[in-house]
Amino acid sequence: MPIFDQGYQHWSGHLAGHAWRWLAITRRGVRTALQSWPVRLALVLSWIPALVLTFVLCMWGLVERQSETIATLRPFLMGMLGRPVVAGPLEYRADIWTLCFHYFLAWELWFSMILVLVVGPNLISQDLRYNALPLYFSRPLRRIDYFLGKLGVIVGIIGLALIVPSTIAYIAGLLFSLDITILRDTYRVLLAAVVYGLVIAFSAGLLILALSSISRNSRYISLMWLGIWMITGTVSYILVWVAQEQRLREGHFGRHGWFSEQFLTTEIDFEKTDWRSLISYTGNLQRIEERLLGTNSAWRKLFDIAPPNTRGSLLHRMLYTQHPWYWSAGVLLVLAALSACTLHFTVKSLDRLK
Amino acid sequence: MAEVEHDGGYGGRCPPYSFLDESLADGYTNLVMPANLFQFASVTKTYGHVRALDDLSLTVPTGAIGLLGPNGSGKTTMIRTLLGLIPVDRGSGEVLGMDFRHRQLDIRRDVGFAPEDECLFPHVQGVEFVAYAGELVGMSGGDALQRAHEVLDYVGLGEARYRKVESYSTGMKQRLKLASAIVHDPQLVILDEPTNGMDPAGRNEVLELARDLAHNKGINLLFSSHILPDVEAVCDYVVVLGRGKLLAQGAIQELKQTHEQSFDVRLKSDSAAFTQHLAKMGCVAEPRGELLRVRIPADKSPQCLWEAAAAERVQIRHLLPQRSTLEEVFLNAVERP
Ligand SMILES: Nc1ncnc2c1ncn2[C@@H]1O[C@H](COP(=O)(O)OP(=O)(O)OP(=O)(O)O)[C@@H](O)[C@H]1O
Ligand SMILES: [Mg+2]
């Protein structure tokens with residue numbers, strides 16, 4: 001009996017055009033990623049900061065309404081935010097939202113790096129290991145579609161970890177206050193969060209794709225990614241710290257220099273031309289975040305009304321993001337260009353496969 | 001047919017394609033079918049010093065086409081050219097009426113291709129594998145999944161559909177590739193050496209599938225192989241390649257016709273007297289290397305060869321009917337250095 005007794009039917013369905021072909025790769029990639037438990041765990045954990053953010057934004061809504069619910073908390077809030085903020089909250093609305101999102105995004109940056117670590121290394125290296133490229137490229141698919149599709153997986157996952165929760169938290173904060181002027185005051189914050197999520201996704205995505213294409217062994221790729229993330233961060237931090245300590249000694253500020261407004265002010269000036277922060281990959285991303293959100297000017301506004309004994313700690317938070325933002329953007333762009341070149345040479349068309 | 005007159009006309013040193021190109025090729029394409037599956041015009045493709053395709057011109061009709069040639073003859077290169085996967089140095093051509101230099105994506109949408117080497121989408125079940133292949137051609141997720149189940153049943157992998165493809169045997173992987181090539185019901189299916197590494201039973205199954213697709217389901221087939229019997233089992237028409245050149249093309253039925261009145265004879269001693277004796281009997285004998293090719297008139301039987309040998313006291317050491325053109329061309333291609 002022939003094995004094909006089941007028969008073969010012709011199929012006359014509809015085939016989509018070529019333009020969205022990359023989406024099939026992205027869809028499949030995201031689905032595969034979501035099947036693995038480390039990814040799911042990291043995603044679930046990455047939603048915790050979003051819950052906190054939502055809670056804090058709602059609390060702020062209560063502050064704005066001078067609600068009785070938080071009357072007992074007022075002394076505490078005044079100590080933390082400063083008396084003028086609690087007394088006239090509407091004036092500081094944009095700044096508080098900015099700073100809330102800033103803390104949220106700092107956490108999400110960390111989770112994004114983790115997610116890239118668990119999703120990214122296999123993206124191309126596994127296709128190389130199993131020789132899947134001929135299967136892709138013999139279908140109506142260009143190399144650029146392949147890259148876009150794979151990049152889309154990272155964008156999708158980071159979207160789930162960062163862009164979707166920030167949007168939901170934003171909307172929750174908005175709904176809780178039931179005040180449409182919030183939209184006018186803070187829409188830039190949401191925009192910044194979304195753009196920042198895309199910046200992380202594209203930058204980290206290209207980087208991990210390039211790494212993923214240079215080895216068939218995904219363990220090496222994970223190690224390289226950890227190196228780029230952790231080692232550049234640590235090296236940059238140590239270099240900055242050594243230089244700061246030296247200036248602290250030279251300026252004879254003693255052990256209390258780190259709380260001295262004068263020392264920190266000169267530090268901030270000094271950092272405006274310091275290259276050491278550029279070494280850190282995540283440092284560069286954070287510099288872009290500051291630029292998008294305008295975190296430093298929010299700190300500055302709180303600084304201006306803060307009592308003298310808390311000003312030092314506010315200045316402290318403005319460190320590390322003082323160099324020109326376009327330096328960091330340049331570093332990220334160079335990395336992206338290098339990644340694209342690497343991809344170009346490692347993922348060959350069939351002409352050069354043999 | 002033209003080849004009957006010509007086939008005696010070349011010696012071992014004379015390249016066989018010189019006549020096949022001119023007379024056979026044109027003769028058959030005009031004769032067999034009206035529509036063309038694909039055509040090449042002076043296509044040259046080089047890899048460094050290697051001429052993988054050497055000024056190749058041919059027109060191939062629709063149907064079940066065999067692409068026959070020894071290792072390194074340019075079969076895979078030709079298929080990649082058809083699919084627009086590699087740029088050619090020179091020449092042009094069409095597949096299903098589309099220029100392969102400009103409409104690669106459209107061609108690859110209408111064609112299903114199973115590559116020769118082992119390649120897998122990693123860590124998926126059989127059915128996901130085939131569905132993904134369908135999505136990459138533009139099928140919607142639901143359509144692709146449904147079709148995947150159907151074609152897996154068709155190729156006989158229904159039982160294994162939920163197994164991870166890494167655990168498939170070589171034969172199953174070949175059938176999986178076939179299933180992913182036909183999932184979107186293409187107009188043309190290209191199978192590049194689909195019987196590689198398979199045991200006889202598995203090989204027969206794949207051949208049977210390929211034959212069924214081409215003959216009962218009306219799908220055009222380009223079946224590449226270096227094994228003549230495989231091509232004969234599946235195809236109606238054959239293109240023989242050797243070192244990037246076209247050695248022969250034509251309907252297998254006609255290329256395979258044996259030459260009933262023509263024999264290859266090897267004698268122990270000198271053949272001059274024997275040849276003269278045969279000539280007197282109305283036979284035509286021509287030396288071909290160590291052999292003598294003898295064509296005997298229609299009213300005579302091979303018995304006359306023995307009679308002539310006895311009369312001239314020569315000993316016949318070897319007597320075989322002349323091979324079919326196809327065998328001859330193919331063996332020639334394989335033996336060429
Ligand atoms: N990517 C490549 N780089 C260099 N040379 C190549 C490449 N692809 C093919 N060739 C050469 O071109 C010639 C034709 O190769 P091709 O793979 O087309 O032959 P084939 O008929 O498919 O052989 P096989 O039966 O072994 O698959 C060979 O000499 C081969 O070495
Ligand atoms: Mg080949």
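Me: This is a predicted model. What makes strand 4 and strand 5 of chain B a pair?

Reply: Pairing needs at least two bridges. Strand 4 (residues 90-95) and strand 5 of chain B have two bridges, in the antiparallel sense. So the pair meets the cut-off of at least two bridges.

Me: Which residue stands opposite Met98(B)?

Reply: Val95(B) stands opposite Met98(B), which lies in strand 5 of chain B.

Me: Why are strand 2 and strand 5 of chain B called edge strands?

Reply: The open sheet has four strands in the order 2-1-4-5 (chain B), with antiparallel pairing. Strand 2 and strand 5 (98-99) of chain B each pair on one side only. That is what the label "edge" refers to here.

Me: Where does helix 3 of chain B lie?

Reply: Helix 3 lies across strand 1 (36-47), strand 2 and strand 4 of chain B. The helix runs at about 115° to strand 1 of chain B.

Me: Why is the site of ligand 1 called shared?

Reply: Residues from chains A and B surround ligand 1, so the site is shared between chains. Helix 3 of chain B gives the most to the shell, with three residues.

Me: How do you know that Asn71(B) makes a polar contact with ligand 1?

Reply: The cut-off is 3.5 Å between N or O atoms. A polar side-chain atom of Asn71(B) lies 2.9 Å from an oxygen atom of ligand 1. So Asn71(B) qualifies. Backbone atoms also reach ligand oxygen: Ser73(B) at 3.2 Å and Gly74(B) at 3.0 Å.

Me: How much of ligand 1 is buried?

Reply: Ligand 1 exposes 620 Å² taken alone, and the protein buries 77% of that.

Methods:
Residues are numbered from 1 along each chain as its sequence is written. Chains are lettered from A and ligands numbered from 1 in the order in which they are written. This is a predicted model: local features need pLDDT of at least 70, side-chain atom pairs count only at pLDDT 80 or more; totals for chains, interfaces and linings use all residues. Side-chain values use heavy atoms; hydrogens and water are left out. A residue is near a molecule or strand if one of its heavy atoms lies within 4 Å of it. A polar contact is a pair of N or O atoms within 3.5 Å; within protein, one must be able to donate a hydrogen and the other to accept it, and residues adjacent in sequence count only if both atoms are side-chain atoms. Accessible areas come from the Shrake-Rupley method with a 1.4 Å probe; for residues, only the protein chains shown count as cover. Contact means heavy atoms within 4.5 Å. Axes are lines fitted to C-alpha atoms, for helices over the stretch in contact, and angles run from 0 to 180 degrees between N-to-C directions.
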